[in-house]
Amino acid sequence: MYALIDCNNFFVSCERLFNPSLNGVPVVVLSGNDGCVIARSNEAKALGIGMGQPAFELRELFEREKVAIYSSNHILYGDISRRVMSLLARFSPEVEVYSIDEAFLKLDGISMPDGAEVYGRIIADEVLRCVGIPVSVGIAPTKTLAKIASHRAKKIPRYKGVCYLATPDQRAIALMECPIDDVWGIGRRLAPKLLAEGVATAWDFTRLRCAYVRSKYTIGGERTWRELQGEVCYAADEVPDSRQSVTVSRTFGQAVSTFDEVYEAVANFTATAAERLRCEGLAAGSIMVFVKGRGCHPDRYVGALQRTLPVASDSTIELLQYARRILATLYRRGELYKKAGVILGHIIPREHVQLSLFDTVDRDKHHRLMQVMDNVNKKVGYKALRIGAERGQRSWQAQSNHLSPCYTTSFGDIMVVKAQE
């Protein structure tokens, strides 16, 4: 059995963790530059606030309904996520972190009747008690079915946060009630083709012949089909939509013009992307940098350039060297830049990196240095150690007019509790 632990409305739950007055009221979290809604409480969803909806369209609704508004505090969210994932490691020796608010647990050895469901409730109660974050738990024989179970645990009140698809009949009902575009590994990419063929639910998909699925939707479609049948195809550390690239980009809080200002932003994005690679044990075989000028008119400047690395890398130092060279080619003097980004592509596991006879980089030294930097930042605080190119005036920094304190990672933001006599 696999259990998928999914934190409920995670960004909102993190804000409520340190501000209990937000419980029961509509809360939204906005994206960079306070542009769009990226997280909503259940109360906000009931008001009709959509995911990704621009904040400026909702100003009147925010004021009328007294919606609490917060800017994205990814430092806080990342730290709370690490606490949740660390706690989950107590319940299974195999914990696979899938995203900032989701993780798979392998539940071997639980064979007594309803044992898995009881265990799932213990996990949910312990995460709420120790970290303060409510979670939904979906348990099933495969990861794809566990995803469906987790969705049902979150959306259907009778499950009370834990859904265990224990029997074939239970799984069949869940598949019949699951729209095809909600199936993990299908989503927006294959759903239109399947809908055109009359496949509206996960159950309809399982009624297709395996040979037909493989010929029409490749091996990935077949693996999803088999997972829905209860056959494990995605074992430990495998997911249907494997990462192909890492992208970090931002719209600037104000337009910048000098090369140093733009490069400072690109350096920060490159360092963040490289850190994500190292966290997942990956390396990048290519790097792309793109920049966009100010304004929405068609003739605004947009530049992008990609370089292939001779040896795939996860070193911030090496990737920054390529990023600077690319930006030097893209940069135009006198242009006002409003956005930039970095895309690391051709992702492979770090242990699969093919070295070169003509490689001049001391990769062992880079690896040790990156390990030290990552370990210090985990213990002391986010970006406590950074490359010199990342630090400066940060005139490009995105607007965060509703940012909450970093309660758990900054000494200056530690909460002060006053007791009354």
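Reader: What makes up the lining of the largest cavity, by class?

Author: This is a predicted model. In it, the lining of the largest cavity has 3 nonpolar, 2 polar and 6 charged residues. Among the lining residues are Glu-275, Arg-278, Asp-374, Lys-383, Arg-386 and Glu-390. Asp, Glu, Lys and Arg count as charged, so these six belong to that class. Ala-271, Met-373 and Leu-385 also line the largest cavity, and Ala, Met and Leu count as nonpolar. Thr-316 and Asn-377 are in the lining too.

Reader: Which elements does the lining of the second largest pocket come from?

Author: Strand S1 (2-7), H1, S3, strand S5 (95-99) and H6 each supply at least two residues. The largest share, 7 residues, comes from H6. By class, the lining of the second largest pocket divides into 13 nonpolar, 5 polar and 13 charged residues.

Reader: How do you know that H6 also meets helix H10?

Author: The axes of helix H6 (residues 143-155) and helix H10 (residues 210-228) come within 7 Å and cross at roughly 65°. Contact requires heavy atoms within 4.5 Å. On the H6 side it is made by Lys-143, Thr-144, Leu-145 and Ile-148, and on the H10 side by Thr-224, Glu-227 and Leu-228. By class, the contact has 3 nonpolar, 2 polar and 2 charged residues.

Reader: Why is strand S10 said to be largely enclosed?

Author: Buried means under 20% relative accessible area. In S10 (residues 282-293), 10 of the 12 residues are buried, so the strand is largely enclosed by the rest of the structure.

Reader: How do you know which strands pair with S10?

Author: Pairing takes at least two bridges. S10 has 8 bridges to strand S11 (residues 302-313), running antiparallel, and Ile-287 has Arg-307 as its bridge partner in S11. Strand S12 (residues 337-345) also pairs with S10 in the antiparallel sense over 8 bridges, with Gly-341 of S12 as the partner of Phe-290. Strand S13 (residues 348-349) is joined to S10 by 2 bridges, again antiparallel. Since at least two bridges are needed, S13 counts as a partner. The bridge partner of Leu-282 in S13 is Pro-349.

Reader: What makes the pairing in the sheet S3-S2-S4 mixed?

Author: This is an open sheet of 3 strands. Strand S2 (residues 27-30) pairs with S4 in the parallel sense over 4 bridges, whereas S2 and S3 pair in the antiparallel sense over 3 bridges. Leu-30 has Ser-71 as its bridge partner in S4, and Val-29 has Ala-39 as its partner in S3.

Reader: Why are S3 and S4 called edge strands?

Author: Strand S3 (37-40) and strand S4 (68-71) each have a single partner strand, so one side of each is left without a neighbour in the sheet. The twist averages 25° from one strand to the next. Helix H1 (residues 10-17) packs on the sheet, touching S2, S3 and S4, and its direction makes about 115° with that of S2.

Reader: How do you know that both faces of S2 are covered?

Author: Side chains in a regular strand alternate between the two faces of the sheet. Val-27 and Val-29 on one side of S2 are buried, and so are Val-28 and Leu-30 on the other.

Notes. Residues are numbered from 1 along each chain as its sequence is written. This is a predicted model: local features need pLDDT of at least 70, side-chain atom pairs count only at pLDDT 80 or more; totals for chains, interfaces and linings use all residues. Side-chain values use heavy atoms; hydrogens and water are left out. Buried means under 20% relative accessible area, exposed over 50%, partly exposed in between (1.4 Å probe, protein chains only). Axes are lines fitted to C-alpha atoms, for helices over the stretch in contact, and angles run from 0 to 180 degrees between N-to-C directions. On a 1 Å grid over the protein atoms alone, a cavity is a set of points where a 1.4 Å probe fits but cannot get out, and a pocket is an open set with protein on both sides within 12 Å along at least five of seven lines; lining residues have an atom within 4 Å of a point.
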